[in-house]
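Trainee: I would like to learn how to read a model like this one, feature by feature. Where do we start?

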Amino acid sequence: MAAIVLATDGSEYARAAAERAVDLAADRDATLHVVCVVDERRFDEPALSSSELATIYAEDHAALCVGDVRRMAADRGVPVVGDARHGVPHELILNYAAAVDADLIVVGEHGDHERHFAGVGDAVRDRADCEVRVVEGGS
């Protein structure tokens, strides 16, 4: 079965990418692998200081992002494997795609992470060993 990786952060751009990824997975009879990265450059492992509480919030947000895509995909009968992970976004997305032998990576043109670190979609597109679609959209 084909594999598509969707990188999401819950932004409007990520939502547009998720809708496109679900359509592509349905068309290609593919499993949709959803990954939401808690950026380790901003968030460390939690231990309950104020910055650690922010990390917990980021982890909860990541889980919600994956859940939203899972619900979207369920309406189309697309199987979803989802995960929230800590790492540097473009590196983790590329490693995840390699691990699942992805045929395609879908990412939004911009995202919440890009308020702090620009160019995740470009970095993924420039370094990927498979097809990459950077989806425009958002409001």
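Trainee: Is threonine 8 buried or exposed?

Mentor: Bear in mind that this is a predicted model. A residue counts as buried when its relative accessible area is under 20%. Threonine 8 has a relative accessible area of 8%, so it is buried.

Trainee: Where does threonine 8 lie?

Mentor: Threonine 8 is in the loop between β1 (3-7) and α1.

Trainee: Which residues does threonine 8 touch, leaving out those up to four places away in sequence?

Mentor: Threonine 8 touches Ala14, Val34, Val35, Cys36, Val37 and Cys65.

Trainee: Next, the helix. Why does the end-to-end distance of α1 agree with its number of residues?

Mentor: The expected span of a helix is 1.5 Å times one less than its number of residues. Helix α1 covers residues 12-28, which is 17 residues, so it should span 24 Å; the C-alpha atoms at its ends are 24 Å apart, which agrees. Just after α1, aspartate 29 has a positive phi of about 55°.

Trainee: Which residues of α1 are buried?

Mentor: They are Ala14, Ala16, Ala17, Ala18, Ala21, Val22, Leu24 and Ala25. Ala14 is also one of the residues that threonine 8 touches.

Trainee: How should I read a nonpolar core?

Mentor: In soluble globular proteins, nonpolar side chains tend to be buried together. Here the largest nonpolar core has 25 residues, and those with the most contacts inside it are Ile4, Leu6, Leu32, Val34 and Val106. Two or more residues come from each of β1, α1, β2 (31-39), α2 (50-74) and β4 (104-108). The largest share, 7 residues, comes from α1. A second, separate core has 16 residues, including Ala7, Ala102, Val124 and Val132.

Trainee: What does valine 34 touch, again without residues up to four places away in sequence?

Mentor: Valine 34 touches Leu6, Thr8, Val66, Val69, Val80, Val81, Gly82, Asp83 and Tyr96.

Trainee: Then the whole chain. How many helices and strands are there, and in what order do the elements run?

Mentor: The protein has 4 helices and 5 strands. From the N terminus on, they run β-α-β-α-β-α-β-α-β. Of the contacts with a separation of 6 or more, 80% join residues 24 or more positions apart.

Trainee: What share of the residues is buried?

Mentor: Of the 139 residues, 46% are buried. The protein exposes about 7100 Å², and carbon and sulfur atoms supply 46% of that area.

How values were computed:
Residues numbered from 1 in each chain as written. Predicted model: local features only at pLDDT ≥ 70, side-chain atom pairs only at ≥ 80, totals over all residues. Heavy atoms only, no water. Buried < 20%, exposed > 50% of the residue type's maximum accessible area, 1.4 Å probe, protein only. Contact = heavy atoms within 4.5 Å. Core = buried A, V, L, I, M, F, W, Y, C linked by side-chain atoms within 4.5 Å. Areas by Shrake-Rupley, 256 points an atom, 1.4 Å probe, with all protein chains shown as cover.
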